[in-house]
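Subject: Structure for you to look at

Hello,

Here is the structure I promised. Please open it and keep it beside you as you read.

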Amino acid sequence: MKIAMVFDGLGVGGIEKVGATYSKLLSNNGHDVTIINLQPHETKFFSQFDPQCKYTSFFYPRSFVPERYEQIVKNMSGGQYLFPVICLLLEFFNVVYKLLFILLGKRKKYDLVIAFSGHFNDLSFVSRNYLISKQKMCWLHGALYQYLLISSGYLKLYKSIKNLVVLVDDCQNEVFLYNNCKLNIKKIYNPIKKSSININETRINKIKDNYGKFIMMVARFSYPHKDQYTVIKAFKILVEKYNVDFNLVFVGDGPELPKVKSFVKDLNKEVSNRIFFAGERDDVENYYQASFALVHSSIVEGLPTVLLEALRNNVPVVSTDSKAGAREILGDNRYGLLCKVGDPNDMAQKINELNTNSALRQELILAGSKRIDDFLPERIYNLFIDFYKSLDQITGENK
């Protein structure tokens, strides 16, 4: 099968990481895969994709998408009159831009085209048939209702593509009921291998020597999404109230990092001297192996890969109950401990419980290692192929 996976850039992020895994999974099962990058300047993560995949790029930003402006413009005074004008202009632009795409020789035929990032531009690119396809599909890296809260314009694009892969069930039925729409929808978890890769015992021991016993958070520094501040406040409580014997390590980079470092610097030395910033790492698996626990403090999430990576490495997890992916993975505290979003006291209490109850920690490690079976690549691939085969067969090709 010829498959095109369309991305809104290939920077370093959870979506790109999942996309790279799918590229290998599909290529290894004999499919002809092409990666299409709509942000040619963002290629940092491209090396992680399967080398067998073809690659092409074409600049197509979100600002070209009429549906992007639906919520913004309609909320303005006179927006109901302005929005049709914007749509008309951008639809004309898309016709011209598609013609350019064709003249550049980039328009190819595929059995399946996937808007994998699930952002306005890759959804528009696929729904407006920049590529010729027998079937179209898109990925939602969060709950369906979360996207529709951002803009009802997403629903128009979903209706055009028709076939949706979601990661969680949260509020799907309600969305369909209130919007009176029919879509082909399938929940498919992100694939992850059972065993870790690139484990280096020498490196693990060095990390332990550097940081001692530590808990860690692996995430991009972006606020309010990831909210490292709650973890820091929780750690302060752990040090001052519970007298814990471990440190805190942050792995990652991002625009909020300088502010977070400044926030830590202003804490008392007893706390700030035990918080470390390891930066962006390409050997994060070794950090998992060296750590005591993973802490995750996102406000909202799709299906956070870092939680799966921790479970795979037999690392217990304390995570905010962020909508909607954390609970989807961890269950009702069955595979990890959930705490309230933005509540450092609750987070500190859960981390301390993990630190003082060795039986609970071992129970979570064992349960987590079994939970990973639901995300194994072979299982996920079969679900993906079953979904593709179940789609309504369309004779001919979209023009």
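First, a term: a helix axis here is a line fitted to C-alpha atoms over the stretch in contact, and angles between axes run from 0 to 180 degrees between N-to-C directions. Also note that this is a predicted model.

**Two crossing helices**

Start with helix α9 (residues 228-240) and helix α15 (residues 344-356). Their axes come within 8 Å and cross at roughly 60°. Angles of 65 to 115 degrees would count as roughly perpendicular, and those under 35 as roughly parallel. So α9 is oblique to α15. The crossing is right-handed.

Which residues of α9 meet α15? They are Thr 230, Val 231, Lys 233, Ala 234, Ile 237 and Leu 238. On the α15 side, the partners are Pro 344, Asn 345, Met 347, Ala 348, Ile 351 and Asn 352. Sorted by class, this contact has eight nonpolar, three polar and one charged residues.

**The sheet**

Next, find the open sheet of seven strands. The order is β3-β2-β1-β4-β5-β6-β7, and the pairing is parallel. Strands of a sheet pair through backbone hydrogen bonds. The edges are β3 (54-57) and β7 (184-187), each of which pairs on one side only. From one strand to the next, the twist averages 25°.

Look at one pair inside it. Strand β1 (residues 2-7) runs parallel to strand β4 (residues 109-115), with four bridges between them. Val 6 has Ala 115 in β4 as its bridge partner. Helix α4 (residues 120-127) packs on the sheet and touches β1, β2 (32-37), β4 and β5 (132-140). The direction of α4 makes about 155° with that of β4.

**Helix α6**

What is buried in helix α6 (residues 153-161)? The buried residues are Gly 153, Tyr 154, Leu 155, Leu 157, Tyr 158 and Ile 161. Lys 162 follows α6 and has a positive phi, near 80°.

**Backbone spots to check**

Most residues other than glycine have a negative phi, and most peptide bonds are trans. Here are some exceptions.

- The peptide bond from Tyr 223 to Pro 224 is cis, with omega near 10°. Pro 224 sits in the loop between β8 (214-218) and α9.
- Asn 243 has a positive phi, near 50°. Its place is the loop between α9 and β9 (247-251). Asn 243 counts as exposed because its relative accessibility is 61%.
- Asn 314 has a positive phi too, near 60°. Asn 314 lies in the loop between α13 (305-312) and β13 (317-320). At 41% relative accessibility, Asn 314 counts as partly exposed.

Best wishes

Definitions and conventions: Residues numbered from 1 in each chain as written. Predicted model: local features only at pLDDT ≥ 70, side-chain atom pairs only at ≥ 80, totals over all residues. Heavy atoms only, no water. Parallel < 35°, antiparallel > 145°, perpendicular 65-115°, else oblique. Left-handed = near helix turned anticlockwise from the far one by under 90°. Contact = heavy atoms within 4.5 Å. Nonpolar A, V, L, I, M, F, W, Y, C, P; charged D, E, K, R; others polar. Buried < 20%, exposed > 50% of the residue type's maximum accessible area, 1.4 Å probe, protein only. Pairing = 2+ DSSP bridges.
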